[in-house]
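Let's walk through a protein model together, one piece at a time. Please open the sequence and the structure, and keep them in view as you read.

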Amino acid sequence: MRTGTGSARRGARRRAQAIDPITFELASAALRATAVEMGEVLKHSSYSPIIREMDDFSCAIFRADGDLVAQADFIPAQLGAMSLVVKEIIERWGAGIAPGDAYLANHPYHGAMHTPDLNVIMPVFLGGRLFGWVGTAAHHIDVGGVRPGTEGPDLGEIYAEGLLLPPVRLYRGGAENPDVFAIVGAAVRDPVSTLSDLRAQRAACLVGERRVTELAGRHGARVLASVFDQMLDAVERAVRLDLAGLPDGAAEAEGFLDDDGAGGPPTRVHVRLAKHGDRLVADLSGSAPQVRGAMNVPWASTRASVVYAVRAMTDPARSTNDGVLRAVEITCPRGTVLNPDPPAAVSVRHNTCQRLADTLIRAASEIWPDRAIASSTVAFFGMNLASRSPRTGAMSVMAEVVGGGTGAHAAGDGLDGVDTYMANVGLMPVEVAESSYSVRILRTELIAGSQGDGTFRGGLGIRREYQVLGEDSAVTFYSEQTDPRFAPRGARGGGDGSPSKITVLGPDGRELPVGSKASLVLAPGSVIRIETSGGGGYGDPAGRDPALAEADREDERG
Amino acid sequence: MVSERAGRRWVVGVDVGGTFTDAIAASSDGRVVVAKVPSTPQDPGDALERALRELSGQGVSPGAIQMIFHGTTVATNALLTGRTARVALATTRGFRDVLGYRTGSRPLVYDLTQPRPRQLVRRADRVEVDERLSGLGEVVTPLTRAEADRAAEAIAALRPDAVAVCLLFSYLDDAHERILGEALARRLPGIPVTLSASVAREFREYPRTSTAVINAGLRPVVGRYLLGLGSRLRALGAPSRLHIMQSNGGCLPAERAAEQAHRLVLSGPAAGVAGTAALGASYGLRQLVSLDMGGTSLDVCLIPDGVPPVAPRQEIDGSPILAPSVDIVTVGAGGGSIARVDRSGRLLVGPESAGARPGPAAYGHGGDQATLTDAHVVAGTLPADLPLAGALTLDADAARAALEPVARSLGLEAGEAADGIIRLAVAQMTAALRRVSVQRGIDPRGYALVAFGGAGPLHAGLLLRELGFRTALVPRFPGLFAASGLTSTDIRIDDSRTVLAPLAPGLAGELASWYAAAGRRLAAQLRRDGIPRGRIRLAASADCRFAGQGYELSVPVTPRGPAGVAALAARFRELHLRAYGHADPDQPVEVVTVRLSAFGALPVAGADRPAGDAAPPGDAASAGDAAPPGLEPPGAAGFTRPGAAARIGRAAVRLPGAPAVRAVPVYDRERLGAGTAVRGPAIIHQLDATTVVLPGQRARVDDRGTMWLEERR
């Protein structure tokens, strides 16, 4: 103790500026666990299948200024997305923000991603002062608009994409704001699910608020505030260290959507990636001007795509926060498909995000060939089918997503029949589909030969057939990569995956002419057949291990 | 059914772990004998036989063993290493690839280089069959006898070791599966055939197919193993009344274990949980948390009402199994968890582990990475100069040398780093305990913690303080607790059926009659297993959700008749409100799956075996969450300080969170008799575990050798 006095005083001084590493680790782990706990509450008590089955939601904790410090990373598409909404709330409501409030927002030109993603955000007050925020964003199946399921690739304006909400007060001082609940309830096709899920989102926020308050009680508000700051610093530092450890270089890559969503020409996504020292610049300004259809990407989603690609190419296991964006610069002028001006429609922005993620990863594979990864499919077949329950006759919308093959890489083959890159949506089980909707699924199989060849081979695409039963049914679907030029690319000498294909057969078996996107009314007995792309191959096919080739034959992979 | 012999009779539990095979024998007159031998992964039966021989050397005559309970990893290991039998699979035409695309999502969301999951059945070994039911169970395409024979012929040509059949919507009507099963039995006599509706009558084709295929692939493996055990036991002169632990926390007569092989996958961890429930019941405690911490991981289970809760499904190596399994939360935090500082300067503990070999640096087996055990050695909570099980002694210099680089990277002294590592590990343990309690709306202050495994008692006092449990119990042999837990289990059989219908008055009668029929079926099986009627009890539940939701909550159905079914909706709303903080009073409730479990209490009389057995879940009034006052250990009128002989030294210890080192007395647990109370701070040493008592806490030893830790009031 005698010799310890001086060092203890030095220690105390050090801790006043930068808390000790143990406290930091304890508190930051608790904050990450809190975001996950919020997610569990939301997932297990929600009604929208997109939330509970497809994990299309996020939960996060923010600093008082809106920077995101911890996020439960269920779905890459929403990485870091909510912080722009929180900043919008601060700007709009300022001094009026009070304890017990909860804000609702979905406006793509006020920080949100597309109208079906409803953000519910709560301030956390400590000792009467605004300390931080907790929030959830979740994809609701329908927020009104022209089409069941709200999304429509050909919609030309944001005003056709359902209810638009800049941040408004869903709760005031802990009580529901009945005006907002009434407006939302009247505008959407399934008010019971939507309003229940909003309450579930707020219940998740309450859990988050309680945990942050407990942590502040335990460590002190000042210490917790500096934990928030240091969590941002730590992620920034880790990303910079990763980048510094990689060779410098620059590369560009381009990719295309099949069209512009409204029957127009292919839409170009262009990336110029440059790494110098511990910084990365993603220049997206070579991408197409904003388009007529709903393929435009609001800024929050463009940012999320870049954050995703950085994480996937550096350390996939490390959680991220807004600290990433201090090490990465994104440039893209207004008026482009990746940074549109209002009122461009955005509801099918996810297809463009997938294309952007793939293009970023291909550019990164050029700069760092030993990390090269062949392309996964970005066909992303999505479908909203108006239907009825075969048991009760109640109207509903069947929302379906079909994945395909992922790209091969230096360590092995790609995966078969899965969703790729920025989402991880499961395939609806036949026994769920046919007991919930008036539809019969005639087959679901992996397509032999759809993969890119190589030393390691891509994963297989999926063939699935849906037969409409009962009555005339409205359907909207959209996909990409039906154009063979845009099929998944191989890497380092590996072959390309197959293009995707959509076929629609009338009740008489005759083929109806459709492109990669359509909104139709189908008579009972009609069949929609989707064949998705396989993943790209990696390396020279001649180099394939004979044992793997033999296993391919036993698995009849073609 | 139990032959009456003169003299002492024994009940034996044998638990096969990754490193050691533990055996414990309890006699009808209260004697307990233990054995610990190295496991033999090539044939686990070798170690089991050796353990029985060691017991025999200590006076447990094989002929006097009345029953053997066995926790086995045979099924788990076969699945993890791919050494299952070759299975052919029959599916509805158009759907042979259900095992290929699985759920349609990626196991790891962000990893672009994750490995392709192993296929359970080669694509060439999957045969499609012309037949189809609709989503309402109506026949769309009938299965003809000719088509069944054609499919059986095609499967026979593949020469499989076993066959699984999973047809769409067979959970609604299994007639097609049975027709195909008969055709296969005719064509392939002697080859096991598993029908999906017979092993898991639940909806969603991928998990049901996976379950049927895993069952088929394990049947020959488990069958061979049990056959081998049977002849070993006969050769030893032990009567082969053998019971196998299941994932659900109950056991199964060995004769029926092979056909239920998919239910044995969590056999090992379930034993400790069953032991916790039995230990609690013997003290009248029904709100319990089990904490099993070994070298590589920590298993936590919350037991809310005396009976371990089960989850309806589990996953192994990425494949789902629809078999009720004790609801354990596992985290990668054990004594061997490695502490390191990453490049950005963050201190991390686990999930990487030094395992059994090389193990912590302090073990002196060549490990040089800092582990949680090494942190305890440096902190002094694990004194270095005392003997441990397996003739091990701890090398304090090696532990300190391993910790130095970590401490340097953090700018701390070794003692401070050790303290940080322990506190981080305790935070991970606390997070796991919160996940099973606070996050499910349950207040741990009403619960008793039971801490076991080699590293559990080391942290029991810390967790008691952190979460405020009523008390923390450290069993007499913490390192052998899973084996002793085995001897206290009931036979358990589960049945289930997917209903998927709104909870309307018309449904109530249908559900009540399913419960009645299933109850008769299960009770009849238990009577065939030799359980008298009076020792059989049934527990019914229903998985419910609001119409439109996708996740269910399990709701107990008591009483099992129409009245219990009628109360379901109200009970579900109450549970939903408690778990998630909201419940819509107007939204209709639907029943997804009905479940019934039958428990048969084995009429054995071992010392560690509680007589009455726990009451059926839900039948007794729950004690609720209110924190009851402290508990009194039984068997001693007053507690006295330990005698001087029990105190074997003093250690220089930096207690977790304390700023400095202090001298702490060390006691020998063997010499702490019944009625002893040890005031903290103290370290209580025994061969298989060390218990740390914090300042302000005390440890009291009851007349059965269980140690009760509590805060002094």
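In chain A, A:Val504 stands opposite A:Ile528, which belongs to strand E20. The partner strands here are E17 (residues 501-505) and E20 (residues 527-531) of chain A, which pair in the antiparallel sense over 5 bridges. Strands are DSSP runs of E with at least two residues, helices are runs of H or I with at least four, and both are numbered from the N terminus. Two strands count as paired if DSSP finds at least two bridges between them.

Before going on, a word about the model: it is predicted, so local features need pLDDT of at least 70 and side-chain atom pairs count only at pLDDT 80 or more, while totals for chains, interfaces and linings use all residues. Residues are numbered from 1 along each chain as its sequence is written, and chains are lettered from A and ligands numbered from 1 in the order in which they are written.

Now widen the view to the sheet. In chain A, an open sheet of 5 strands runs in the order E14-E15-E20-E17-E18, with antiparallel pairing.

Next, look at two helices of chain A. The axes of H5 (residues 178-187) and H6 come within 8 Å and cross at roughly 145°; axes are lines fitted to C-alpha atoms, for helices over the stretch in contact, and angles run from 0 to 180 degrees between N-to-C directions. On the H5(A) side, A:Phe181, A:Val184 and A:Gly185 meet A:Pro191, A:Thr194 and A:Leu195 in H6(A). Residues are in contact if their C-beta atoms, placed from the backbone, lie within 7 Å.

Chain A can also be read as domains. Its assignment, from an automatic or database source, gives domain 1 (14-232) and domain 2 (372-558). Their C-alpha centres lie 33 Å apart, and 17 residues of domain 1 of chain A are in contact with 14 residues of domain 2 of chain A.

Finally, turn to where the two chains meet. How many residues does each chain bring to the contact? Chain A brings 61 residues and chain B brings 52 residues. Several elements of chain A supply at least two residues each to this side, including helix H7 (221-244) and strand E14 (439-446). H2(A) gives the most, with 10 residues.

Terms used
Contact = placed C-beta atoms within 7 Å.
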